[in-house]
Amino acid sequence: MELNMALEQSHITETRFVLETDHLSRVVSGKRLVDDITIGMQKGEVLAVVGQSGSGKSSFLRLLNRLDEPTSGTVYLEGTDYRQIAPRELRRRAGMVTQTPYLFPGTIADNLRFGPRQQGKDLPQDTITFLLDQVGLADRANSDIVNLSGGEAQRVSLARALANSPTVLLLDEPTSALDEKAKKEVEALILKVVKQNALTCVMVSHDLAQAARIASRVMVVKAGRLEKIGSVTEVMHVAASLH
Amino acid sequence: MLQRVFTNQLALGGAEAAAVTLLVLLVMLLARKREIHLERETIVALARGIVQISAIGSIFILLLRSPAWTGMFLLAAMIVAAAAISAQRAQGIPGTFRVSLYAIGAGAGTVIALMTLAGVIDSTIVSLVPLGSMLIYNAMNTNSLILNRFRGEVESHFGLIETALALGAASKQAVAPYVEVSFRTSLIPAVDSLKSLGLVWIPGLMAGMLLAGSDPAYAAIYQFVTISMILSASGLTALISILLIRKHAFSTAEQIILRPQAASSQGKTT
């Protein structure tokens, strides 16, 4: 019986998946925002979630770090049912970058220190330097966030998520609020950072061309349901028909 | 002038009420001439005011012949009514009536109990009920202000709060700046009352004490005592209210429950 309980808790049947959803659903006021989605993601994989506006892409993403509660189904993070993981620890391991980079008042360094401080850790200066170098903001640690452009703010948001040393990175349309130049720069940066840190990444995007450039797999969502998942070439015609 | 015409106190009260009603109606007519229409609201307010205060006056007549402990029931009923009124200020957060009841009950109740035991508030009904009601009323206002402000702060800083949660912050850490702002703001009226005491306003209680023949120096000091009791009750209410409502604003999985309409995932999906 103890063995069964241990197996249930650690869900070790599919350990190759870093992130796995199991019949994940969220229903609010009778509306199925996310409807029975089961997928698995391997280490270093980049999954683009595409679909029309209102299809449930962001709702799906918010379930992955438990910002919203599934009404049924669950998520496994590195083989463990995420309901067994303390929400704070889960969110440290599954970092998130949102469409609007909400930065805390203060300097760039203050923002980078925020996550580790929640675990009682002080982020070393050399780590701050390394992270800012990664996102192309070297020597800007002491800049006040009020002086940042949209693209720079999004870079800080990315570095801030990385400061928690996550294994999974969740990106919610991270370039949709940026101009074309900044969009291309942040996109290249995401690819570089994901590769350098061997992150498993889920990115919500409404831009099919961007999804094709960044993702190793694409998942098409329609009315909360998984319509199709596969390689870019396998899925793109389905995604294009929805747009 | 009215005192000369009316020797009976009840008749005098009626005449005085009629005089101020005429004054209010005059102001209302002046506003009407400027195309500002307050007739309906003013008349309803006048009618409610006279009926409610006459009702409480009648209850007092009954209470004067009742044992002192009956005043406690009246104060308890006032706390429940205050909680029901105040809870409407934080719709969207579950359990606001309970939060308001605990906060006002513990905030005003503790101060009333302690001060009555210490003899600062006289335990007779005529003293306990009016003074107790002042503390409850002010605790209610503070509670309404803190709930309203906290809800506004959370709604307008929703993105930052969720970002903090997404970075692994505890819910209490994520809302800490807004808890502090709400607490400070809710106590502004009580603190300013104490600051301006004697300088900008002289409480009606002092006039009552002077009319009743109290020593003017003692009457003045007792105003400070009363307003300080109000500040204590309000501060305690605000503290309990914000700690409880902060807890109610989040689920056990540290998900924010209180959401602005635009950000609510209930109606919006992308």
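Author: Questions and answers on the interface and the salt bridges follow.

This is a predicted model, in which local features need pLDDT of at least 70, side-chain atom pairs count only at pLDDT 80 or more, and totals for chains, interfaces and linings use all residues. Residues are numbered from 1 along each chain as its sequence is written, chains are lettered from A and ligands numbered from 1 in the order in which they are written, and side-chain values use heavy atoms, with hydrogens and water left out.

Reader: How many residues of chain A and of chain B take part in the contact?

Author: Contact means heavy atoms within 4.5 Å. By that rule the residues taken are 31 from chain A and 22 from chain B.

Reader: Which residue of chain B forms a salt bridge with Arg62(A)?

Author: A salt bridge is a side-chain nitrogen of Lys or Arg within 4 Å of a carboxyl oxygen of Asp or Glu. Between chain A and chain B the count is 2. In one of the salt bridges of Arg62(A), the closest N and O atoms are 2.6 Å apart, and the partner is Glu162(B).

Reader: Is Asp81(A) buried or exposed?

Author: Buried means under 20% relative accessible area, exposed over 50%, and partly exposed in between (1.4 Å probe, protein chains only). Asp81(A) forms a salt bridge with Arg83(A) at 2.7 Å, N to O, and Arg83(A) is partly exposed at 47%. Because its relative accessibility is 6%, Asp81(A) is buried.
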